[in-house]
Amino acid sequence: MKQQHIIRKIMLVTLLAAIAVPTVQAQQTRQQRLRQHLYYLASDSLEGRLAGSAGGATARQYIINQYKEIGLQPYSGDGIYPFRPSNQLMSAMLGNDSLCNIIMVIPGNDPQLKDEYIVLGAHYDHVGVKGGKVYNGADDNASGSTALIEIARELYAHRGELKRSVVIAAFDGEEEGLFGSKEMVRMLGKDIDKVKVMLSIDMVGWLSANDALIIEGTSTLSDSKEVMAKIADEQGITLKLKSFERSIMTATDTEPFAKKQRPTLAVTTGLKSPYHKPEDDADLIDYEGMDRICTYISELTLRWATGRAPLEPSGKVAPKHSDHLRPFEIGPAIGIGSAGFRYPGSAFRGRNSIEGHIGIDTRLNYKFLSLQAEALFNWASMSKPDFDGTLADAFDGRTREGQMSLFVPVSLLLNVNARGSFYIGAGANYRRLLNHTAIYHPDLWGLHWTLGYRTGQLVVSAMVLHQLSPYYIDNAKPKATSFQSWLTISYML
């Protein structure tokens with residue numbers, strides 16, 4: 001009898017505990033839940049949530065449990081999607097099906113609009129352990145993953161009001177190359193057209209430090225800025241709305257969707273946190289600010305998901321997301337290289353010295369051809385023999401001459417694809433010497449060839465230049481031309 005009494009007590013305690021846990025969770029404020037999620041996802045025990053690691057798998061299971069507790073419905077199957085990275089090298093390093101997306105859905109209720117998707121995404125991976133230090137990635141991107149859990153909870157509470165469907169996507173492998181979002185776009189296939197807008201929630205933990213929530217890509221979605229600003233006013237949150245994503249230093253999970261001409265919005269509080277540093281820890285996060293961001297994104301999503309106003313792409317796309325070159329491009333250019341005199345047909349030897357250049361790069365693009373014209377200020381320290389001394393001095397003694405010029409190369413480029421990822425070209429150039437003396441021709445001409453590589457708006461090119469015009473006006477001096485090799489970085493605005 002005593003043993004049965006003890007067993008009944010244990011069963012009663014277990015039952016009460018089972019009832020109490022959801023009750024306690026329900027009684028928590030959202031800010032408390034945000035703190036709980038983020039401290040767990042950014043804990044040392046998860047070892048930086050590197051894609052394909054045990055810590056990454058633990059983070060994934062925590063997120064899955066939260067989605068299940070909310071009541072989210074899998075997009076298909078069980079909502080868990082193992083995949084291999086699209087990059088073969090990364091696939092070999094991380095192993096077969098070692099990465100995994102989690103994709104859930106809150107279905108819409110309108111017979112026509114339920115097949116239109118609003119996608120909310122956040123990557124949950126980070127960079128792991130380096131040099132014995134754990135990179136917990138509290139802001140990047142435990143903050144976005146945490147916010148997505150609580151936004152999903154809010155939207156699920158309004159599920160009966162939704163006309164459009166809301167897709168909740170937790171991406172893996174973002175840090176290694178946006179692999180999770182690329183995989184989702186591949187998985188959707190032709191259904192990608194159902195995506196009416198995609199929001200990437202990435203690094204949203206430092207609102208107070210930034211004084212504003214940044215939303216990039218507003219010009220990709222027609223008539224979007226007014227409703228975004230109106231909700232911000234209602235919620236008392238400061239916005240920085242940017243037409244396009246332009247930074248060459250960052251990429252987020254919007255990119256694969258944007259390259260399919262889907263409207264995309266990158267939501268962030270910026271790079272104020274210790275980005276990709278071991279100091280990016282949970283105790284530095286602004287939880288009150290995250291709470292306000294959750295309210296804002298939830299309300300914005302509800303406006304779109306419960307309304308009948310069309311969500312239409314504007315047809316505009318950020319240059320960094322375009323698969324085709326724009327007809328006209330212009331941007332700053334800066335570079336460094338070597339320059340030296342050459343003495344064809346004589347015994348004098350040329351030596352190269354350093355040069356630098358800065359200016360403007362412009363391009364007219366048509367399919368696989370581009371016409372490039374640059375206007376550059378060039379400075380070079382040129383080494384030359386001492387022609388004013390004896391013959392021995394000319395061979396043994398050298399002087400350096402600082403040479404400044406306006407340099408204008410015009411090139412015809414052949415792009416190997418429509419995006420201009422690689423190109424080769426050749427052309428002619430004109431140089432106007434700015435500090436010439438009476439012994440030099442002020443106007444010089446030459447030929448050059450070039451090759452380059454571009455990623456998004458960033459262009460890196462190499463150029464070899466042969467001057468054809470002689471430097472010296474005095475024909476008694478040895479004929480002197482110049483040979484230069486340059487490396488230039490341009491950013492096309």
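Analyst: One cut-off first, since the burial calls rest on it: a residue is buried when its relative accessible area is under 20%, exposed when that area is over 50%, and partly exposed in between. Please also keep in mind that this is a predicted model.

User: Fine. How many aromatic pairs does the structure hold?
Analyst: There are 6 aromatic pairs in the structure. One of them is formed by Phe407 and Trp486, an edge-to-face pair with 4.9 Å from centre to centre and 65° between the planes.

User: Which parts of the chain does that pair link?
Analyst: It links distant parts of the chain, since Phe407 sits in strand 15 (residues 398–415) and Trp486 in strand 19 (residues 481–491), 79 residues apart.

User: And is Trp486 buried or exposed?
Analyst: Trp486 has a relative accessible area of 4%, and because the limit for burial is 20%, it counts as buried.

User: What about Tyr430 and Trp445, how are their rings arranged?
Analyst: Those two form a tilted aromatic pair, with 4.9 Å centre to centre and 50° between the planes. Tyr430 belongs to strand 16 (residues 422–433) and Trp445 to strand 17 (residues 443–455), so this pair ties together parts that are 15 residues apart in sequence. Tyr430 is partly exposed, at 22% relative accessibility.

User: Which charged side chains sit over a ring?
Analyst: Arg159 has its charged end over the ring of Tyr156, 4.0 Å from the centre, and Lys130 lies over the face of Tyr135, at 5.5 Å from the ring centre.

User: Switching to helices: how far does helix 3 reach?
Analyst: Helix 3 covers residues 54–70, which is 17 residues, and reaches 25 Å from its first C-alpha to its last, close to the 24 Å expected. Directly after helix 3 comes Gly71, which has a positive phi near 110°.

User: Which residues of helix 3 are buried, and what covers them?
Analyst: The buried residues include Ala59, Arg60, Tyr62, Ile63, Ile64, Gln66 and Tyr67. Among the elements that cover the buried residues of helix 3 are helix 2 (30–41), strand 3 (99–106) and helix 5 (138–157).

User: How accessible are Glu47 and Lys367?
Analyst: Glu47 is partly exposed at 47% relative accessibility, whereas Lys367, with a relative accessible area of 58%, counts as exposed.

User: Last one: what lines the largest pocket?
Analyst: The largest pocket, with about 450 Å³ of space, is lined by 27 residues, and those nearest its centre are Asp202, Thr250, Ala251, Thr252 and Leu271. Helix 6 (174–177), strand 9 (213–216) and strand 11 (264–268) each supply at least two residues of that lining.

Methods: Residues are numbered from 1 along each chain as its sequence is written. This is a predicted model: local features need pLDDT of at least 70, side-chain atom pairs count only at pLDDT 80 or more; totals for chains, interfaces and linings use all residues. Side-chain values use heavy atoms; hydrogens and water are left out. Rings of Phe, Tyr and Trp (its six-membered ring) pair if their centres lie within 6.5 Å; planes under 30 degrees apart count as stacked, over 60 as edge-to-face and the rest as tilted. Helices (H or I, at least four residues) and strands (E, at least two) are DSSP runs, numbered from the N terminus. Buried means under 20% relative accessible area, exposed over 50%, partly exposed in between (1.4 Å probe, protein chains only). A charge sits over a ring if NZ of Lys or CZ of Arg is within 6 Å of the ring centre and within 35 degrees of the ring normal. The expected span of a helix is 1.5 Å times one less than its number of residues. Contact means heavy atoms within 4.5 Å. On a 1 Å grid over the protein atoms alone, a cavity is a set of points where a 1.4 Å probe fits but cannot get out, and a pocket is an open set with protein on both sides within 12 Å along at least five of seven lines; lining residues have an atom within 4 Å of a point. Grid points are joined across faces, edges and corners, and a volume is the space filled by probe spheres set on the points.
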